Amino acid sequence: MSPADLIVRNGTVITMDDRGTRIADGYVAVNGGRITALGPVAELADRRAAREIDARGGLILPGLINTHTHAAMSLFRGLADDLPLMTWLNDHIFPAEAKLDGAMVGLGTRLACAEMILAGTTCFCDMYLFESAVAEAAGACGMRAVVGEVLYDFDSPNYGPLERGFAYVAEMLARWKDDPLIRVAVEPHSPYLCAPDLLQRAARLAADHDAPLVIHVSETRAEVETIQGRYNATPVGHLAALGVLGPNVVACHAVVLTEDDIDLLRRHDVKVAHNPESNMKLASGVAPVPDLLRAGICVGLGTDGCASNNDLDLFSEMDTAAKLHKVHRLDPTVMDAATVLRMATCDAARTLGLERHIGSLEPGKAADLIVIDTAKPHLTPMYDPVSHLVYAVNGGDVHHSVINGQVVMENRTLQTIDLQAVLEQVAAFKQNA
Ligand SMILES: CSC[C@H]1O[C@@H](n2cnc3c(O)ncnc32)[C@H](O)[C@@H]1O
Ligand SMILES: [Zn+2]
């Protein structure tokens with residue numbers, strides 16, 4: 001057996017591999033950031049590693065992956081509630097964002113990373129301003145992230161005119177090229193804030209760098225009407241006509257879709273980031289996720305930013321996703337627990353093009369894993385771990401978290417973030433806002 005610098009033992013391992021392998025009383029061995037072996041604890045005999053984590057009969061599973069967020073919007077949690085998307089954005093969020101700088105975005109990202117790690121998320125896909133600060137902050141927290149500076153038609157509080165935005169993204173692509181935790185994406189905001197030229201140039205840049213292209217698409221009826229009025233096409237039809245759609249595209253939201261749109265998404269192998277709580281809070285609508293899944297489209301789960309959710313807990317997001325579609329379709333069989341858990345793990349990895357690296361516990365993959373403490377009243381008895389993970393576990397039940405082999409939370413204590421300092425700095429930010 002190969003050497004291990006970390007062994008996580010004594011838990012039920014939910015691998016999320018293609019065969020749905022589960023190992024009762026199992027272990028995961030890690031070396032150099034990667035999983036080297038997993039199996040029943042009995043196989044280990046008296047083997048020990050320099051660092052050991054005792055899962056104490058709990059669950060060991062891949063870290064959850066947030067396929068769409070704006071991490072630093074943690075600074076704006078609760079700033080403007082109970083509004084429709086365009087009023088929320090134009091009258092409240094954009095003015096607040098105009099005052100941001102890189103240090104503030106770094107702070108908001110550290111706050112978000114603390115919240116995410118404490119709730120079992122080990123990777124997030126971000127779109128925001130001052131995204132270099134997001135990458136720096138996430139890396140310093142030991143968090144895995146796909147990061148992308150937002151591109152749109154107007155001047156940005158970060159880079160100024162669009163031309164400098166493309167230069168900024170190119171620099172980021174070069175700077176983080178071989179980083180073990182950070183991957184850079186190209187992220188035009190949406191078809192309604194990006195001219196056709198911008199969208200096509202962004203798609204070329206993403207293709208040239210084999211990078212994801214992340215974009216808000218068909219989030220609301222108002223957006224669809226705007227795009228219909230401008231281009232006589234749906235947002236998806238518009239992107240298809242521009243040649244922007246492809247397997248590296250992550251369409252965030254995808255709420256208001258026609259059958260033709262779904263067919264286009266399928267034919268171009270576009271991935272969808274589903275954000276049910278944000279869509280509910282902004283009253284954007286219900287994404288046709290059961291239809292997307294039936295069409296064979298890969299769907300990952302996201303929280304969107306903290307100002308439209310208002311938290312980053314993917315466990316509650318899974319619960320919401322499972323229940324929202326049941327009540328919407330009046331059918332309790334849609335979006336079963338196993339499907340929803342895949343949307344937060346292996347399918348989320350596929351959404352971001354990271355399926356060779358993360359999303360399941362398998363030898364050779366990065367050691368991104370979490371341990372759930374199940375010795376709790378609300379998790380007892382346990383007939384089916386997958387049922388519990390979707391319908392009963394909450395973020396506070398995550399006991400340990402490992403990212404790329406580094407223990408970032410042990411016994412619910414963050415190892416890479418000075419939480420007290422972050423909380424104090426965010427309180428000071430709010431005082432001055
Ligand atoms: C500057 S990065 C992204 C940009 O998008 C804004 N935003 C946050 N949530 C949404 C959403 O659901 N739809 C559209 N735009 C959104 C965010 O505030 C940033 O300005
Ligand atoms: Zn968003």
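This is a predicted model: local features need pLDDT of at least 70, side-chain atom pairs count only at pLDDT 80 or more; totals for chains, interfaces and linings use all residues.
UniProt positions are given here in the numbering used for this chain, with feature names shortened, and the annotations may be inferred rather than shown by experiment. With that in mind, the unreviewed UniProt entry lists residues 60-408 under "domain: Amidohydrolase-related".

Residues are numbered from 1 along each chain as its sequence is written, and chains are lettered from A and ligands numbered from 1 in the order in which they are written.

Let me begin with the overall form. The secondary structure of the chain comes to 15 helices and 19 strands, where helices (H or I, at least four residues) and strands (E, at least two) are DSSP runs numbered from the N terminus. The radius of gyration is 21 Å, close to the 22 Å that the globule rule gives for 433 residues, so the chain is as compact as a globular protein of that length; the radius is taken over C-alpha atoms, and the rule is 2.2 Å times the number of residues to the power 0.38. Along its principal axes, the C-alpha trace spans about 65 × 45 × 40 Å.

How is the chain divided into domains? Domain 1 takes 6-63 + 359-414, and domain 2 takes 64-351, with bounds that come from an automatic or database domain assignment. Taken over C-alpha atoms, the centres of domain 1 and domain 2 are separated by 28 Å. Their contact takes 24 residues from domain 1 and 31 residues from domain 2, two residues being in contact if their C-beta atoms, placed from the backbone, lie within 7 Å. On the side of domain 1 that touches domain 2, helix H14 (385-391) supplies the largest share, 5 residues. The residues of that side divide into 13 nonpolar, 10 polar and 1 charged, where Ala, Val, Leu, Ile, Met, Phe, Trp, Tyr, Cys and Pro count as nonpolar, Asp, Glu, Lys and Arg as charged, and the others, Gly among them, as polar.

I turn next to some details of the backbone. A cis peptide bond joins Thr-380 and Pro-381, with omega about -5°, and Pro-381 is found in the loop between strand S16 (369-372) and H14. The peptide bond from Asn-309 to Asn-310 is also cis, with omega near 10°, and Asn-310 has its place in the loop between strand S15 (299-301) and helix H11 (314-329). Asp-304 is found in the loop between S15 and H11, and has a positive phi of about 65° although it is not a glycine. Is Asp-304 buried or exposed? Asp-304 counts as buried, because 29 C-beta neighbours lie inside 10 Å; the cut-offs are 20 or more other C-beta atoms within 10 Å for buried, 12 or fewer for exposed, and partly exposed in between, with C-beta atoms placed from the backbone.

Finally, the ligand. Ligand 1 is surrounded by 16 residues, the closest being Ile-93, Tyr-128, Leu-129, Val-150 and His-216; a residue is near a molecule if its C-beta atom, placed from the backbone, lies within 6 Å of it. Helix H1 (residues 85-97) gives the largest share of this shell, 4 residues, and the shell divides into 7 nonpolar, 6 polar and 3 charged residues.
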